[in-house]
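Visitor: I have a structure open and would like to go through it piece by piece. Can you take my questions as they come?

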Amino acid sequence: MSAQAIWKGVIRFGEVSVPVKLYSAVEDRSVHFRLLHARDRLPVKQAMINPETDEIVPYDEIHRAYPIGEGTLVMFEQEELDALEPEAGRDIEILRFMPPEAIDHRWYDRPYYLGPDGSESAYFALAEALEHSGREGLARWVMRKKSYVAALRLHRGVPILMSLRHEEEVIPIDSLEPPKGKPLDARELDMARQLIGMLEAEFDPGQYHDEYRARVLELIEAKRQGKSVKVVPLRRREPSEDLSRALEASLKKERKRA
Amino acid sequence: MPSQHQKKHKSAEPKEKKRFHPAGPRPLWSGTISFGLVSLPVNLYPANRTRPVSLRMVDRDGTPLTRRYFCEKDERALDNDELVRGYEVAKNEFVVIEDRELESLAPEKSQEIDLKRFVGVDEIDPMYFQRAYLMTPDQGVTKAYRLLAESMEASGRAGIATFVMRDREYLVAIIAEKGILRAETLRFAEEIRSPEEIELPEKAAPDKRRVKAMEKAIAALSRESFEREMLQDPHSQRIVERAEEKLARGEDVVELAEEEPAAAPAKGGEVIDLMQVLKQSLAEGCPPEQPARESERPPKGHSNGMSARRGKSRRAELKALSRDQLYERARELDIPGRSRMNKAELAEAVAARR
């Protein structure tokens with residue numbers, strides 16, 4: 001079965017326009033639980049509560065407010081917020097083209113495959129031009145009232161939009177201080193690097209499977225049939241006291257295995 | 001809405017009713033990284049905010065509201081210990097699954113990120129990256145943390161493992177940057193569609209002139225890098241600008257009493273004052289002291305000043321126990337959500353119960 005397009009738009013840069021369809025490149029396979037009221041096992045709803053009175057505030061009486069500074073809110077009417085919403089449109093504007101290493105993984109959000117919407121010739125010309133140039137585009141568009149930024153690039157020869165997190169969503173590492181302490185022991189550092197070297201391998205995503213998901217589904221089935229379920233308590237490991245000894249023993253073990 | 005709206009809450013007034021304190025910034029996961037025979041305890045915090053701008057929900061007077069689970073039949077908000085997790089097997093028919101049952105499915109992986117493979121950070125296909133979490137050292141163990149971070153960063157390698165957080169298994173790449181460890185959850189291969197599954201049309205040779213014209217347009221727009229600001233969300237920017245204008249005019253401004261920080265979580269568990277927590281946990285090697293959440297896990301029967309004081313000395317005794325010991329007590333007391341609690345939280349919850 002072929003996939004369903006989630007949106008249609010037109011990629012634009014310079015004089016170029018390429019009509020495309022967007023397809024989600026990933027699927028969510030997680031097992032979804034509902035929260036229930038323990039007493040009667042019925043699903044609960046979420047509600048906004050006034051913490052002073054413990055009373056529910058009906059949805060149409062809820063206002064939005066922007067926290068500005070310490071203890072200050074600026075309130076907005078729904079109409080004001082509606083007026084600030086991004087303007088709907090079909091254009092996927094390319095702001096610039098960059099070398100592929102310019103945008104790295106910390107920004108990646110969700111990938112979308114692009115397929116042609118009507119004109120196949122413009123679509124395949126875009127794929128080839130991207131390949132020849134070795135560059136990727138920084139794209140911006142509005143989809144379902146939300147603004148998106150993305151990298152326009154090729155994945156196995158197919159144009160994709162890798163949607164990116166907005167600047168405001170990513171905590172800048174530079175604003176944090178790493179843990180401090182006495183200078184590290186040169187011998188320990190050396191052993192740690194050796195150990196990493198011995199455990200080095202190619203990234204092979206095919207070797208990892210979500211085994212847990214299947215077990216969760218089995219558990220659900222067992223409980224549904226009223227079977228009893230064995231529960232084992234967790235045990236957390238103790239932190240290593242003597243780093244040098246732990247590293248030496250690890251290296252020895254790896255050498256034996258090799 | 002009245003403009004020049006001013007509001008001051010009276011504080012320090014004894015409250016009859018239970019008040020709900022939104023969940024504080026606590027780690028999403030606490031466990032151990034294993035690297036060979038070296039193990040180091042860590043806490044995981046989100047490295048991404050879910051929205052570029054966070055608006056709070058308030059009532060018409062500007063009182064910040066809290067999101068709570070609510071029983072339609074009883075018409076009241078529920079406490080966390082009145083909630084269970086269910087899986088819908090048929091319409092309105094649920095199988096209740098407990099946290100400890102989920103943990104028992106993978107006891108090691110629920111507690112441990114075992115780094116058995118190291119790969120080049122650049123080798124990981126971009127399609128796999130899902131979400132980032134920052135790791136902070138726990139239990140004051142910073143030396144092993146720094147050792148792992150420094151040796152991984154120097155070699156440009158990421159540690160690969162699978163682990164279980166909450167009710168799911170994750171493939172994860174541990175990446176070190178500027179001395180800080182970050183866990184990037186990766187998608188499993190089976191979660192990624194191939195181009196063939198989409199059934200895109202067969203590749204056809206495009207018109208050469210058209211390709212050339214596009215290449216020219218690409219070259220004309222080419223730069224060597226981009227500025228972080230280009231990724232800003234214009235929509236959020238507009239809201240912030242408008243809010244500043246309104247503040248300058250004194251329009252629709254609400255001042256809150258000190259006990260209600262405007263930056264409190266909009267949703268249970270979502271942390272806005274995350275930076276503060278991260279800074280403190282990175283500096284001290286353990287999460288900041290959690291404020292007592294008496295109302296969230298209410299002591300059965302009564303709640304007054306006396307029991308709170310007694311609770312305090314008991315908490316000190318409980319702190320001397322290991323997490324395993326505390327977990328066992330929490331299990332005996334059937335404290336909900338215990339699997340997600342770190343040592344300090346377990347001590348808190350057990351103390352509040354007894």
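Guide: What follows is a conversation about this predicted model.

Visitor: Fine. How confident is the predictor in the complex?

Guide: The predictor gives an ipTM of 0.90 and a pTM of 0.79 for the complex.

Visitor: And what is the mean pLDDT of chain B?

Guide: The mean for chain B is 78, with 73% of its residues at 70 or more.

Visitor: Where in chain B does pLDDT stay under 50?

Guide: One stretch is residues 1-24 of chain B, for which the model has 46 contacts beyond four places in sequence. Another is residues 291-313 of chain B, with 29 such contacts. Where pLDDT is low, the predicted coordinates should not be read in detail.

Visitor: Noted. What is the secondary structure of chain B?

Guide: Chain B has nine helices and 14 strands. Of its 354 residues, 42% count as buried. Among contacts in chain B between residues at least 6 apart in sequence, 68% join residues at least 24 apart.

Visitor: How many helices and strands in chain A?

Guide: Chain A has five helices and 13 strands. Its radius of gyration is 26 Å, well over the 18 Å that the globule rule gives for 258 residues, so chain A is more spread out than a compact globule. The C-alpha trace of chain A spans about 65 × 65 × 50 Å along its principal axes.

Visitor: What share of chain A is buried?

Guide: Buried residues make up 34% of the 258 residues in chain A.

Visitor: What is Leu148(B) in contact with?

Guide: Leaving aside its neighbours within four places in sequence, Leu148(B) is in contact with Ala192(A) from chain A, and with Ile33(B), Phe35(B), Leu40(B) and Leu181(B) from chain B.

Visitor: Which loop is Gly36(B) in?

Guide: Gly36(B) lies in the loop between strand 1 (29-35) and strand 2 of chain B.

Visitor: Buried or exposed, and why?

Guide: Gly36(B) counts as buried because it has 24 C-beta neighbours inside 10 Å, and the cut-off for buried is 20 or more. Beyond four places in sequence, Gly36(B) is in contact with Leu195(A), Ala246(A), Leu247(A) and Ser250(A).

Visitor: How many bridges join strand 5 of chain A to strand 4 of chain B?

Guide: Five bridges join strand 5 (residues 45-50) of chain A to strand 4 (residues 66-71) of chain B. Within that pairing, Ile49(A) stands opposite Thr66(B).

Visitor: What does strand 1 of chain A pair with?

Guide: Strand 1 (residues 7-13) pairs antiparallel with strand 2 (residues 16-24) of chain A over seven bridges. These two strands form a hairpin with two residues between them, and Gly14(A) in the turn has a positive phi of about 55°. Val10(A) has Pro19(A) as its bridge partner in strand 2 of chain A. Strand 1 also pairs in the parallel sense with strand 9 (residues 91-98) of chain A, over three bridges. There, the bridge partner of Arg12(A) is Glu93(A).

Visitor: Last one. Which residues of helix 6 of chain B are buried?

Guide: In helix 6 (residues 274-284) of chain B they are Val277(B), Leu278(B), Ser281(B) and Leu282(B). Seen down the helix axis, these buried residues fall within an arc of 120°, so they line one face of the helix.

Visitor: What covers them?

Guide: The cover includes strand 2 (38-46), strand 10 (129-137) and strand 13 (180-186) of chain B. After helix 6 of chain B comes Gly285(B), with a positive phi near 75°.

Terms used
Residues numbered from 1 in each chain as written. Chains lettered and ligands numbered in written order. Predicted model: local features only at pLDDT ≥ 70, side-chain atom pairs only at ≥ 80, totals over all residues. Contact = placed C-beta atoms within 7 Å. Pairing = 2+ DSSP bridges. Helix = DSSP H or I, 4+ residues; strand = E, 2+ residues; numbered from the N terminus. Buried ≥ 20, exposed ≤ 12 C-beta atoms within 10 Å, placed from the backbone. Arc of directions from axis to C-beta. pLDDT = per-residue confidence, 0-100. Rg over C-alpha atoms; globule rule 2.2 N^0.38 Å.
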